[in-house]
Amino acid sequence: MEAWLRERDARITYSHLYESPALPAIGDLADLDLLIALGGPMSVNDEVTLPWLRPEKLLLATAIERGVAVLGVCLGAQLIATALGARVYAAKEKEIGWHTISGTPHGTSAFRFPAEVEVFHWHGETFDLPATAVHLASSTSCANQAFQIGSNVIGLQFHLEVTRAGIDRMLDHGRAEMTNGQYVQSEREIQSVHESRYATVQTLMSRVLDHLVARSSAWLPGTIERHADH
């Protein structure tokens with residue numbers, strides 16, 4: 001995503017919540033054109049042990065209300081869902097690895113995913129759709145894989161932004177999560193995919209971002225804030 005942003009002369013700032021819980025002030029939202037909430041190993045329900053989750057949810061809800069373009073990836077999508085009153089809970093099956101999602105046909109101007117495409121997953125929880133959300137994608141084991149709200153909000157349960165080096169880091173840090181399961185691939189399976197797989201998902205990531213900012217009334221080439229919870 002950073003390459004896409006830099007091609008558009010965006011000024012990028014980061015909030016590394018695993019190092020410091022500092023978030024942009026709600027009063028500063030007028031200076032943000034796009035807010036990206038990324039992934040992490042925690043649950044959105046871990047507010048007792050991770051109290052910074054509460055202000056992050058408030059920030060996301062306020063940004064959405066004010067028309068800022070907001071993208072949530074994995075935990076980020078779950079944070080958007082819970083910030084807007086939807087339930088986040090343990091999925092019946094973990095999804096870790098390369099699995100197919102199916103785009104949902106719909107008659108709206110929301111983003112359209114391909115009928116089928118293999119993307120990278122790493123999650124053990126899922127969410128109900130927020131009110132007014134348009135359902136964008138599902139998988140065999142997880143009904144709600146992506147959604148859009150209005151013209152300025154997209155949530156993705158899966159990872160289109162992955163690189164080979166990024167997945168290697170995820171494996172290093174999350175190996176303990178890779179318990180046996182129908183939808184949990186081995187490290188060998190995960191790492192053996194051809195480079196074309198990365199090109200496919202990264203192109204799709206660019207399409208999602210193009211769609212989001214083209215339709216958001218807030219978008220101007222300016223400051224982008226990314227939240228890294230992992």
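A salt bridge is taken here as a side-chain nitrogen of Lys or Arg within 4 Å of a carboxyl oxygen of Asp or Glu. By this criterion, the predicted model holds ten salt bridges.

The chain is built from six helices and nine strands. Its radius of gyration is 16 Å, which agrees with the value near 17 Å that a compact globule of 230 residues would have. The C-alpha trace spans about 45 × 40 × 35 Å along its principal axes. Of the 230 residues, 53% count as buried, and the chain exposes about 10,300 Å², of which carbon and sulfur atoms supply 51%. Among contacts between residues at least 6 apart in sequence, 74% join residues at least 24 apart. The chain carries 18 positive and 27 negative charges, whose mean positions are 3 Å apart.

One of the salt bridges pairs R8 with D210, with 3.3 Å between the closest N and O atoms. Because R8 lies in the loop between α1 (2-7) and β1 (11-16) and D210 in helix α6 (residues 195-215), this pair ties together parts that are 202 residues apart in sequence. Both residues are partly exposed, R8 at 30% relative accessibility and D210 at 34%.

R175 takes part in two of the described pairs, with D172 at 3.3 Å, N to O, and with E187, where the closest N and O atoms are 2.5 Å apart. The latter pair links R175, in the loop between α4 (164-174) and α5 (187-191), to E187 in helix α5, twelve residues apart. E187 is partly exposed at 25% relative accessibility, as is R175 at 40%, whereas D172 counts as exposed at 52%.

Conventions:
Residues numbered from 1 in each chain as written. Predicted model: local features only at pLDDT ≥ 70, side-chain atom pairs only at ≥ 80, totals over all residues. Heavy atoms only, no water. Helix = DSSP H or I, 4+ residues; strand = E, 2+ residues; numbered from the N terminus. Rg over C-alpha atoms; globule rule 2.2 N^0.38 Å. Buried < 20%, exposed > 50% of the residue type's maximum accessible area, 1.4 Å probe, protein only. Contact = heavy atoms within 4.5 Å. Areas by Shrake-Rupley, 256 points an atom, 1.4 Å probe, with all protein chains shown as cover. Lys, Arg positive; Asp, Glu negative; His and termini not counted. Charge placed at Lys NZ, Arg CZ, Asp CG, Glu CD.
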